[in-house]
Amino acid sequence: MLTYTDYSTYLSRYFSVKMQKLTVDARFTCPNRDGTKGRGGCIYCNNHSFSPSVAGDDVPVSAQLEAGKHFFGRKYPDMRYLAYFQSYTNTYDSPDRLMMLYREALAVDGVDGLIIGTRPDCVSDALLSELSSLAREHYIMIEYGAESSHDSTLRLVNRCHTWADTVSAVERTSAAGIHVGLHLIMGLPGETREMMLETVDRCCRLPVDVLKLHQLQVIRGTRLAGMTDGLKLFTVDGYLDLCVDVVRRVPRRIAVERFTSSAPRELLIAPHWDLKNYEFVNLLKKRLRDEDAVCE
Ligand code: SF4
């Protein structure tokens, strides 16, 4: 049967109870904005479109997590949590300060692990060594923004890192005993369907645990918003077709956490699908069932 490992199935390999990610904003910045790697950031980036933490900004990590627990715990008292350091580059500081923040999160009652979002060119061996120790007792994942495996695309969107950086980061992280997630954007300017699928194939040859995909979205306040002429954005149907081919390629050892993203309506210029993540997944599952019938 044509299917894939979804995120809750993946988490059940490590946890026996329902887990909820709690987004925290530790007020990092990004080396692709402050001039260390580049200026202006990636052409599609507007960090306001990331999921906000429940408590809001400028609040200690532990207080953000407590607010998140309060929000979800009312409905699901037995829920356990993963602290998700999402906004900007969450490894962009000294290992000492980073470890202090990560330990603060893990000290919150009910928090059983960390997911750390970052760039593939921003993780030192010193930090990996510290996280490796932490990973002996806690679930730790580093989620790298790979976005594409094509350096021509990475240059075009001003990522200021290469595919070789991603390969190196993934291999070093996995060798340190830390789980690895990769974030990919489908439909970046100039990419063909073959290029996107080639990226998925290349990711699947790496020691990766989770893939997280989404369709390119044009967000207000980004440089991409001024470049929409000639930009081919996915329709829902076209993207479903692509995702069926993604599912065909991804082995069951790797989970697909998500296929889509929905930027806040007030920030989104295009495409307007008006579909929640679970609604897209339902459409995809129907398409996968139909594909199976065609194959038989
Ligand atoms: S997408 Fe990530 S790496 Fe790119 S500018 Fe935004 S925070 Fe920095």
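Start by selecting Arg27, which sits in the loop between strand E2 (19-24) and H2. Before you go on, keep in mind that this is a predicted model. Arg27 is not a glycine, yet its phi is positive, at about 60°.

Helix H2 covers residues 61-73 and helix H3 covers residues 95-106; their axes come within 8 Å and cross at roughly 30°. Angles under 35 degrees count as roughly parallel, so H2 is roughly parallel to H3. The crossing of these two helices, H2 and H3, is right-handed. To see where they touch, show the side chains of Val61, Ser62 and Leu65 in H2, which meet Leu101, Glu104 and Ala105 in H3.

Keep H3 on screen and bring in helix H4 (residues 125-134). The axes of H3 and H4 come within 10 Å and cross at roughly 25°, and the two helices are therefore roughly parallel to each other. Here too, H3 passes H4 in a right-handed crossing. Which residues make the contact? On H3, pick Pro95, Leu98, Met99 and Tyr102; on H4, pick Ala126, Leu127, Glu130 and Leu134.

Now move along to Asn158, in the loop between helix H5 (151-156) and helix H6 (163-175). Asn158 has a positive phi of about 60° without being a glycine. Asn158 is partly exposed, as 17 other C-beta atoms lie within 10 Å.

Then jump to helix H8, residues 236-249. This helix has 14 residues and reaches 20 Å from its first C-alpha to its last, close to the 20 Å expected at 1.5 Å a residue. Colour Tyr239, Leu242, Cys243 and Val246, which are buried in H8. Where do the buried residues of H8 fall when you look down its axis? They lie within an arc of 100°, so they line one face of the helix.

For the last stop, select Ala270 and Pro271. A cis peptide bond joins Ala270 and Pro271, with omega at about -5°. Pro271 belongs to the loop between strand E10 (268-270) and helix H9 (277-295).

Note on methods
Residues numbered from 1 in each chain as written. Predicted model: local features only at pLDDT ≥ 70, side-chain atom pairs only at ≥ 80, totals over all residues. Helix = DSSP H or I, 4+ residues; strand = E, 2+ residues; numbered from the N terminus. Expected span 1.5 Å × (residues − 1). Buried ≥ 20, exposed ≤ 12 C-beta atoms within 10 Å, placed from the backbone. Arc of directions from axis to C-beta. Axes fitted to C-alpha atoms, helices over the stretch in contact; angles between N-to-C directions. Parallel < 35°, antiparallel > 145°, perpendicular 65-115°, else oblique. Left-handed = near helix turned anticlockwise from the far one by under 90°. Contact = placed C-beta atoms within 7 Å.
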